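User: I have this one open on screen. Walk me through it, please.

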Amino acid sequence: ILYDEALTSAWNGWTGNGWGGTKDVGSTEQARSGTKSVKISYTSGGYGVPWQLGGATINLGGYGSLKVAIYGGAGSNGKSVNIGFNESDGKTVQLVEGQWTEFDIPLSQISTSSTLTHLYIKNYSASGDFTIYVDNLGIY
């Protein structure tokens, strides 16, 4: 588990500010489980990454997938985000406004790397001005 109520010690790198929006890593507005999630508000056009995780050294050997729950907030219907590893694009997923969607993505669809150093959830739509909530993020 990388995020559940907060970023866990399993993420052994840094968390930082990105571009193209804002983040709240302890939002209580929506939660898949518990009371908190990461609220990511994308603004100023496409390809923003307001919440960045980097500098880790997580061996992916023995793991097969990334699991994450994403709630599509206002303005997200039909938009997409890309879940990428190691500063490269990975798997693009479609958002559904007003509900949680649980994604179970084979790691081979995200990256061929054997180590996870960076994890981005990038706006992959032509425009910004929508919000998502991220919860239950981990590799399995």
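User: Which residue takes a positive phi in the hairpin of S7 and S8?

Analyst: Asn 86, with a phi near 55°, in a hairpin that has five residues between the strands. Strands are DSSP runs of E, at least two residues long; helices are runs of H or I, at least four long; numbering goes from the N terminus. The model is predicted: local features need pLDDT of at least 70, side-chain atom pairs count only at pLDDT 80 or more, and totals for chains, interfaces and linings use all residues. Residues are numbered from 1 along each chain as its sequence is written, and side-chain values use heavy atoms, with hydrogens and water left out.

User: OK. How many bridges pair S7 and S8?

Analyst: Four, in the antiparallel sense, with S7 covering residues 80–85. Two strands pair if DSSP finds at least two bridges between them. Val 81 sits opposite Val 93 of S8.

User: And which strand do five bridges join to S7?

Analyst: Strand S11, residues 119–123, which runs antiparallel to S7. There, Gly 84 faces Tyr 120 of S11.

User: How many of the residues of S7 are buried?

Analyst: Six of the six, so S7 is largely enclosed by the rest of the structure. Buried means under 20% relative accessible area, exposed means over 50%, and partly exposed is in between, using a 1.4 Å probe and protein chains only. Both faces are covered: one side has Ser 80, Asn 82 and Gly 84, the other Val 81, Ile 83 and Phe 85.

User: What order do the strands have in the S1-to-S8 sheet?

Analyst: S1-S4-S11-S7-S8, an open sheet of five strands with antiparallel pairing. S1 (14–19) and S8 (91–94) are at the edges with a single partner strand each, so one side of each has no neighbour in the sheet. On average, neighbouring strands of this sheet are turned by 20° against each other, direction ignored.

User: Thr 101 is in S9. Buried or exposed?

Analyst: Buried, because its relative accessibility is 18%. Thr 101 touches Val 68, Ala 69, Ile 70 and Val 96, leaving out residues up to four places away in sequence. Contact means heavy atoms within 4.5 Å.

User: Switching to charges. How many salt bridges does the structure hold?

Analyst: Three. The criterion is a side-chain nitrogen of Lys or Arg within 4 Å of a carboxyl oxygen of Asp or Glu. One of them joins Glu 29 and Lys 39, at 3.0 Å from N to O. Glu 29 is in the loop between S2 and S3 and Lys 39 in strand S3, ten residues apart.

User: What does Glu 102 meet in a salt bridge?

Analyst: Arg 32, at 2.7 Å from N to O. Glu 102 lies in strand S9 and Arg 32 in the loop between S2 and S3, so the pair ties together parts 70 residues apart in sequence. Glu 102 is exposed at 52% relative accessible area, whereas Arg 32 is partly exposed at 39%.

User: And Asp 89, which residue does it form a salt bridge with?

Analyst: Lys 122, with the closest N and O atoms 2.7 Å apart. Asp 89 is in the loop between S7 and S8 and Lys 122 in strand S11, 33 residues apart. Asp 89 is partly exposed at 39%, while Lys 122 is buried at 17%.

User: Last one. How many helices and strands does the chain have?

Analyst: Zero helices and twelve strands. Buried residues make up 46% of the 140 residues. Among contacts between residues at least 6 apart in sequence, 75% join residues at least 24 apart.

Definitions and conventions:
Axes are lines fitted to C-alpha atoms, for helices over the stretch in contact, and angles run from 0 to 180 degrees between N-to-C directions.
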